[in-house]
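Look at the structure below and keep it in view while reading.

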Amino acid sequence: MRIEKCFFCGSNIYPGHGIQFVRNDCKIFRFCRSKCHKSFKKKRNPRKVRWTKAFRKAAGKELAVDPSFEFERKRDVPVKYNRQLWSKTVRSIGRVQEIRARRQGQFIKNRMRAGQKLADERGVKEVADHIHIIEKPAVDKKLLLEKATRRAKIKKPVAMEVVEN
């Protein structure tokens, strides 16, 4: 059994699920749910519909170009069964998923960095706009510290005696 991809949204279609549409030119379209099928019939562009993977990749919200996607590509060439090749393939699938997860994490981190930079700039601007609120208490504390040090200099050291009962 094979896990297919939805033509419209790009999500997985497991065996026994989804809708299959065959056009007059024998092109097969597979859809994961009726929402995708209806959108296809309405001739909507998946790159313009915000909830599809095509939109996310076109808008730069998901990793679009990566060599690890090459492993997921559909291959129709039959290969003779070989136990050693099969075991190597199964081991490499886990490694490829690990590499892809790391790369996607790095991609998301880089994407979020721009937003963090904007938030930092907004914070600096807000502090600059409302500096009068911040400066006043700091000045008062500074004056209190100066007064306290002056009083400490004026006072004479007093010898402490221990009184026992």
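The model is predicted. The count of disulfides in this model is 0. Its surface carries a positive patch that includes Lys41 and a nonpolar patch that includes Trp86.

**Cysteines**

- A disulfide is a covalent bond between the sulfur atoms of two cysteines.
- For a pair to count here, the two sulfur atoms must be within 2.5 Å.
- The cysteine sulfur closest to that of Cys6 belongs to Cys9, and because the distance is 3.7 Å, it is too far for a bond.
- Cys36 is in no disulfide either, with the sulfur of Cys32, the nearest cysteine sulfur, 3.5 Å away.
- Cys6 has a relative accessibility of 5%, so Cys6 counts as buried.
- Cys36 has a relative accessibility of 0%, so Cys36 also counts as buried.

**Positive patch**

- Four residues form this surface patch: Lys38, Lys41, Lys42 and Arg44.
- One of them, Lys41, belongs to helix α1, which covers residues 34–41.
- Lys41 is exposed, because its relative accessible area is 55% and the cut-off for exposed is over 50%.

**Nonpolar patch**

- The relative accessibility of Trp86 is 55%, so Trp86 counts as exposed.

How values were computed. Residues numbered from 1 in each chain as written. Predicted model: local features only at pLDDT ≥ 70, side-chain atom pairs only at ≥ 80, totals over all residues. Heavy atoms only, no water. Patch = residues over 30% accessible without salt bridge, like charges linked within 9 Å, V, L, I, M, F, W, Y side chains within 5 Å. Areas by Shrake-Rupley, 256 points an atom, 1.4 Å probe, with all protein chains shown as cover. Salt bridge = Lys/Arg side-chain N within 4 Å of Asp/Glu carboxyl O. Lys, Arg positive; Asp, Glu negative; His and termini not counted. Charge placed at Lys NZ, Arg CZ, Asp CG, Glu CD. Helix = DSSP H or I, 4+ residues; strand = E, 2+ residues; numbered from the N terminus. Buried < 20%, exposed > 50% of the residue type's maximum accessible area, 1.4 Å probe, protein only.
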